[in-house]
Amino acid sequence: MTLHSMTGFASGQGAEGAYTWVWDIRSVNAKGLDVRVRVPDWLEGLENEIKTRASKKLGRGNVTVGLRLGRAEDCKGQLQINAAAMETMLAAIAATQAQAAQVGLQLAPVRATDILQMRGVLEQATAENESEHLVKRLLSEFDSLLADFINMRASEGAALHAVLTEQLSRIEALTDAAAQRAADREVQIKETLQANLACVMSNSDGADADRVAQELALIAVKADVTEELDRLVAHVAAARKLIGQGGLVGRKLDFLMQEFNREANTLCSKAQNAALTEVGLELKTVIDQMREQVQNIE
């Protein structure tokens, strides 16, 4: 399986009989999957079916599907009243008038033409079989559009694969460099601790040499970064496995990036050495850059 980006776009257009239409589908990052559909209300069942089909094919992302439908002027049917919309509008008008009367306001009478001009009250009359046929045709086109959209997200996923692979190689190289800096630092730390011990013992009467040595050894242990470096190596291996596995791995990679960042922070806090600190800060930079890319993965 390949990686898929959560960002993508696809569009298409078609025509049949008196109708023409333009599709577009786009998505941005999201923690889960949210499919929003904008289609004409009179195309019964189209919105729900689009949501169902998209949800079966997509794992994550804030996805918006839009359909702009047009009809030739000379082919438009008669106008008809949408009874449900009319009832809603009349109820809203009655409630408004009643509330105004309670505070002593007299509203101007509402004319029938005013109501008919309200959105959704007056609509084009469409034969039921015409609507059903159009919905089937549109759904057939949507399947092709969705396939194009998924292919585009896969193409962007392939680009992300290359970027993440390069960043992991960089993290691996910096981890090796940190290990070398840590090894070089051991000699320095040992000499510093021995000098400090000699200074303490020469200026203290009755000091317990064993106790002082234990405290200095504890300081040395707290400065040890072996575990952090080992975890970074393990995280690199785990990330490579997930990227190679593909599919819906975005959340797992995002969690792994938190672990990367935690180890890099601890490494910097324990560094006590300019050269090791420099490598640790560079590690943090690359990890932050990689995390930004991971946010795009489905």
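**First stop: helices α7 and α8**

Select helix α7, residues 250–270, and display helix α8, residues 274–294, beside it. In this predicted model, α7 passes α8 in a left-handed crossing. The contact draws on both helices: α7 contributes residues including G250, L253, M257, F260 and C268, while α8 contributes residues including L276, G280, L283, I287 and V294.

Two packed helices are described by the angle between their axes and the distance between the axes. For α7 and α8 the angle is about 165 degrees, and the axes lie 9 Å apart. An angle over 145 degrees counts as roughly antiparallel, and α7 is therefore roughly antiparallel to α8.

**Second stop: from α8 to α4**

E282 belongs to helix α8 and R170 to helix α4, so the pair ties together parts that are 112 residues apart in sequence.

Next, select E172 and R240. Their side chains form another salt bridge, at 3.1 Å from N to O. Because E172 lies in helix α4 and R240 in helix α6 (residues 226–245), this pair ties together parts 68 residues apart in sequence. E172 has a relative accessible area of 34% and is partly exposed; R240, at 34% relative accessibility, also counts as partly exposed.

Move along helix α4, which covers residues 128–202, and select D143 together with R53. Which distance separates the closest N and O atoms of this salt bridge? The value is 2.7 Å. D143 is in helix α4 and R53 is in helix α1 (residues 46–57), so the pair ties together parts that are 90 residues apart in sequence. D143 is partly exposed, with 35% relative accessibility, and R53 is partly exposed at 24%.

Now select E16, R137 and E141, which are linked in a network of salt bridges. Across the whole structure, a search finds 16 salt bridges. In general, side chains of opposite charge can pair when their charged atoms come close.

Show its neighbours next: leaving aside residues up to four places away in sequence, L134 touches Y19, W21, W42, L43 and L69. L134 and L43 are 91 residues apart in sequence, yet their C-alpha atoms are 8.0 Å apart in space.

**Last stop: the whole chain**

Finally, zoom out and colour the chain by secondary structure. How many helices and strands does the chain contain? There are 8 helices and 6 strands, and along the sequence they follow the pattern β-β-β-α-β-β-α-α-β-α-α-α-α-α. Of the 298 residues, 34% count as buried. Among contacts between residues at least 6 apart in sequence, 81% join residues at least 24 apart.

Key: Residues numbered from 1 in each chain as written. Predicted model: local features only at pLDDT ≥ 70, side-chain atom pairs only at ≥ 80, totals over all residues. Heavy atoms only, no water. Salt bridge = Lys/Arg side-chain N within 4 Å of Asp/Glu carboxyl O. Helix = DSSP H or I, 4+ residues; strand = E, 2+ residues; numbered from the N terminus. Buried < 20%, exposed > 50% of the residue type's maximum accessible area, 1.4 Å probe, protein only. Axes fitted to C-alpha atoms, helices over the stretch in contact; angles between N-to-C directions. Parallel < 35°, antiparallel > 145°, perpendicular 65-115°, else oblique. Left-handed = near helix turned anticlockwise from the far one by under 90°. Contact = heavy atoms within 4.5 Å.
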